[in-house]
Amino acid sequence: MAWLMRWRPVTVGPEKAIAPDERLSWPQTAALGLQHVIAMFGATVLAPLLMGFDPNVAVLMSGVGTLLFFFLTGGRVPSYLGSSFAFIGVVIAATGYAGSGPNPNLPLALGGIIACGVLYTVIGLLVSATGSGWVEKLMPPVVTGAVVAVIGLNLASVPIKNMAPTPFDAWMQAATFVSVAVVAVFARGMLQRLLILAGLIQASLIYALLTNGFGLGAPIDLSKVAAAAWIGLPQFHAPVFDGAAMLMIAPVALILVAENLGHLKAVGAMTGRDMTPFLGRAFIGDGLATIASGAVGGTGVTTYAENIGVMAATRIYSTAVFVFAALMALALGFSPKFGALIQAIPLAVMGGVSIVVFGLIAIAGARIWVDHQVDFRDPRNLMVAAITLVIGTGDFTLKLGAFTLGGIGTATFGAILLHALLRRGRTD
């Protein structure tokens, strides 16, 4: 079997699904690629803003990472790699980021992101050499569901405590998450799929009316957008390797493993193809993409559920679509005007969107339990989930000398160790 498969040209019918090794005409493929760019856009831009990273670099490296993933999986796994929210809590803790503007300690975070990518790549190499059975035994649905839920719950205080400095901003956060909810419930078709982007635009227009129009808060300033060039290099940064930051951020690799494992199973179920043989390659691709991103100033990356949702809606799984999406992301990354436009979004609006996104992440964890029919009458499952949720949400911290493990890291290791300890116990 050749490493890189070839696409077979096909035409789409009303009931026909397009397989990973098939493709539509190139114009249709390009249009579908744009749809995937739009789907990943909100989260890929929001995550770097919450950590004080340059969103242009994050978008650029999402394209680079997706291409890396494509080649390392031989073009057989349809996935888009975007900014991971799993890094937000540990990056904020490691850098002491205040919540707005550029992160002054960004290089410390980059060193930790690279360490995470290295650990993730090593796990991928082990899976390629030994198979994936041990990963699935170590992280069954009760564990992965709890870990994913904790990511959203642990981050809940970020928008509520740090992104609404005035009462007006708090009201604008409420207007924003209501706007997103209205789009999610009442919109139809592709607009509903783009609920985050559509809600953000709607809330920004409301904010502009109230501030620029009626003077109720800090007005939106578009002067930097007008002054920015259409084409130019983003602001790259070099990493600094600090032991404490690396130890704090590297364990996120286990969360990325859980996410990637769940996403590959979802893609396998949708396409009717066994993706398990490509699990090791997928981990390696995601790990190397995270290393590459951290090396130049980008966030850690992960396979995106948003794009899996688009595939489920369209039933088009062609990996050619993701090549086009990646190339479009590269083009956006080299546009300073695009970056300036993102930076002009009001903090309160970003906070309202964050409330929705973090809530959706928490619910995604619960959905893993539902989809896999996790039995909470079993006290082992009950204890693993209950303890993990509270120590993760409450930011339970353990210290051993200079080493500190808190929040998402404590919850991740706690869930894995608790399950390993309790799984041989009684079920009644």
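Biologist: How are helices and strands defined and numbered here?
Modeller: The model is a predicted one. Helices (H or I, at least four residues) and strands (E, at least two) are DSSP runs, and their numbering starts from the N terminus.

Biologist: Where is N105 found?
Modeller: T95 lies in helix 3, which covers residues 88-95, and helix 4 covers 106-130. N105 is found in the loop between helix 3 and helix 4.

Biologist: Is N105 buried or partly exposed?
Modeller: Buried means under 20% relative accessible area and exposed means over 50%, with partly exposed in between. N105 has 32% relative accessibility, so this residue counts as partly exposed.

Biologist: What separates the C-alpha atoms of N105 and P239?
Modeller: Along the chain, N105 and P239 are 134 residues apart. In the model their C-alpha atoms are separated by 10.0 Å.

Biologist: Which residues does T95 touch, not counting residues up to four places away in sequence?
Modeller: T95 is buried, with a relative accessible area of 5%. Beyond those sequence neighbours, the residues that T95 touches are N103, N105 and A109.

Biologist: Which helix gives the most to the nonpolar patch on the surface?
Modeller: The patch is formed by V118, V122, L126, W134 and L138, with about 400 Å² of accessible area together. Helix 4 (106-130) and helix 5 (133-138) each supply at least two of its residues. With three residues, the helix that gives the most is helix 4.

Biologist: Is V122 partly exposed or buried?
Modeller: V122 lies in helix 4. The cut-off for buried is under 20% relative accessible area. V122 is at 39% relative accessibility and therefore counts as partly exposed.

Biologist: Which helix gives the most to the lining of the second largest pocket?
Modeller: About 1,000 Å³ of space lies in this pocket. Helix 1 (26-51), helix 2 (55-72), helix 11 (223-227), helix 17 (336-343) and helix 18 (347-371) are the elements that give two or more residues to its lining. The helix that gives the most, with five residues, is helix 17.

Biologist: Which lining residues lie nearest the centre of the second largest pocket?
Modeller: The lining has 38 residues. Those nearest the centre are L49, G101, I342, Q343 and A344.

Biologist: How many residues apart in sequence are the parts that D21 and R8 tie together?
Modeller: D21 forms a salt bridge with R8, with the closest N and O atoms 3.7 Å apart. D21 lies in the loop between strand 1 (8-9) and strand 2 (22-23), whereas R8 lies in strand 1, so the parts tied together are 13 residues apart in sequence.

Biologist: How many residues apart in sequence are the parts that R273 and D21 tie together?
Modeller: The side chains of R273 and D21 meet in a salt bridge at 3.2 Å, N to O. R273 lies in the loop between helix 13 (252-271) and helix 14 (279-296) and D21 in the loop between strand 1 and strand 2, so the distance in sequence between the parts they tie together is 252 residues.

Biologist: Which residues are linked with D21 in a network of salt bridges?
Modeller: D21 is buried at 18% relative accessible area, while R8 is partly exposed at 42% and R273 is partly exposed at 35%. The residues linked with D21 in the network are R8, E22 and R273.

Biologist: What separates R367 and D371 along helix 18?
Modeller: R367 and D371 form a salt bridge, the closest N and O atoms being 3.4 Å apart, and both residues are exposed. Because they are four residues apart in helix 18, their separation is about one helical turn.

Note on methods
Residues are numbered from 1 along each chain as its sequence is written. This is a predicted model: local features need pLDDT of at least 70, side-chain atom pairs count only at pLDDT 80 or more; totals for chains, interfaces and linings use all residues. Side-chain values use heavy atoms; hydrogens and water are left out. Patches are made of residues with over 30% relative accessible area and no salt bridge: like charges are joined within 9 Å, nonpolar side chains (Val, Leu, Ile, Met, Phe, Trp, Tyr) within 5 Å. Accessible areas come from the Shrake-Rupley method with a 1.4 Å probe; for residues, only the protein chains shown count as cover. A salt bridge is a side-chain nitrogen of Lys or Arg within 4 Å of a carboxyl oxygen of Asp or Glu. Buried means under 20% relative accessible area, exposed over 50%, partly exposed in between (1.4 Å probe, protein chains only). Contact means heavy atoms within 4.5 Å. On a 1 Å grid over the protein atoms alone, a cavity is a set of points where a 1.4 Å probe fits but cannot get out, and a pocket is an open set with protein on both sides within 12 Å along at least five of seven lines; lining residues have an atom within 4 Å of a point. Grid points are joined across faces, edges and corners, and a volume is the space filled by probe spheres set on the points.
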